[in-house]
Amino acid sequence: MLFINLFCLALIGFIVWWFWLYSPEAPVSQEGIEIVVKDGVYTPSRIKIPSGQATSLTFLRQDKSACSATLQLPALEISEELALDKPTTINIPAMTPGEYAFHCQMQMYKGVLVVE
């Protein structure tokens with residue numbers, strides 16, 4: 001009985017971590033970062049970039065939802081239409097350290113740009 005209870009607690013902990021706490025991060029390369037827009041999420045949704053260095057983000061929209069069509073990065077006053085099944089590159093200027101949210105126009109798709 002104790003084993004079953006411990007197993008259930010571990011399973012609950014794993015589910016909480018996977019769905020609410022885990023956030024994959026994108027590796028930074030010289031070519032920029034590719035973000036896939038699919039199934040209601042940005043993948044990866046948490047992107048780390050170095051401060052003081054310009055970079056580019058390439059969004060590949062595979063979601064046909066109308067909400068996924070627009071990307072907004074309010075801190076930089078960026079609002080960009082994402083073409084379906086075609087990459088859209090957005091140039092990000094050198095930024096100061098901090099966290100900058102990006103999202104769709106209804107804020108249903110969410111991500112964060114972490115500048116370190």
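Thr88 counts as buried, with a relative accessibility of 11%. Buried means under 20% relative accessible area, exposed means over 50%, and partly exposed lies in between (1.4 Å probe, protein chains only). The model is predicted: local features need pLDDT of at least 70, side-chain atom pairs count only at pLDDT 80 or more, and totals for chains, interfaces and linings use all residues. Residues are numbered from 1 along each chain as its sequence is written, and side-chain values use heavy atoms, with hydrogens and water left out.

**Surroundings of Thr88**

Find the strand that holds Thr88, then list the residues that Thr88 touches.

Solution. Start with the strand: Thr88 lies in β8. Strands are DSSP runs of E with at least two residues, helices are runs of H or I with at least four, and both are numbered from the N terminus. Next, leave out residues up to four places away in sequence. Thr88 then touches Leu57, Thr58, Phe59, Glu80, Glu81, Leu82 and Ala83. Contact means heavy atoms within 4.5 Å.

**Overall layout**

Solution. The protein has one helix and ten strands.

**The nonpolar core**

Which residues have the most contacts inside the largest nonpolar core, and which strand gives the largest share?

Solution. This core has 22 residues. A nonpolar core is a set of buried Ala, Val, Leu, Ile, Met, Phe, Trp, Tyr and Cys residues joined through side-chain atoms within 4.5 Å. Tyr42, Ile47, Leu57, Phe59, Ile92, Phe102 and Leu113 have the most contacts inside it. Now go through the strands. At least two core residues come from each of β2 (33–38), β4 (46–49), β5 (55–61), β6, β8 (87–92), β9 (98–103) and β10 (110–115). β2 gives the largest share, three residues. In soluble globular proteins, nonpolar side chains tend to be buried together.

**Ile33**

Is Ile33 buried or exposed, and how far is its C-alpha atom from that of Ser56?

Solution. Ile33 sits in strand β2. Its relative accessibility is 4%, so Ile33 counts as buried. The C-alpha atoms of Ile33 and Ser56 are 6.5 Å apart, although 23 residues separate the two along the chain.

**The salt bridges**

How many salt bridges does a search of the whole structure find?

Solution. There are two. A salt bridge is a side-chain nitrogen of Lys or Arg within 4 Å of a carboxyl oxygen of Asp or Glu. Take Arg46 and Glu99: their side chains meet at 3.3 Å, N to O. Arg46 is in β4 and Glu99 in β9, 53 residues apart. Arg46 is partly exposed at 23%, whereas Glu99 is exposed at 54%. Then take Lys48 and Glu116, which meet at 3.6 Å, N to O. Lys48 lies in β4 and Glu116 in the segment after β10, so this pair ties together parts 68 residues apart in sequence. Lys48 is partly exposed at 27%, and Glu116 is exposed at 52%.

**Hairpin and loops**

Describe the pairing of β6 with β7, then locate the backbone features at Pro44, Glu77, Asp85 and Gln107.

Solution. Strands β6 (residues 70–73) and β7 (residues 78–81) run antiparallel, joined by four bridges. Two strands pair if DSSP finds at least two bridges between them. Leu71 has Glu80 of β7 as its bridge partner. Four residues lie between the strands of this hairpin, where Glu77 takes a positive phi near 55°.

A cis peptide bond joins Thr43 and Pro44, with omega about 0°. Pro44 is in the loop between β3 (41–43) and β4.

Asp85, in the loop between β7 and β8, has a positive phi near 60°. Asp85 is exposed, at 51%. Gln107, in the loop between β9 and β10, has a positive phi of about 60°. At 45%, Gln107 is partly exposed.
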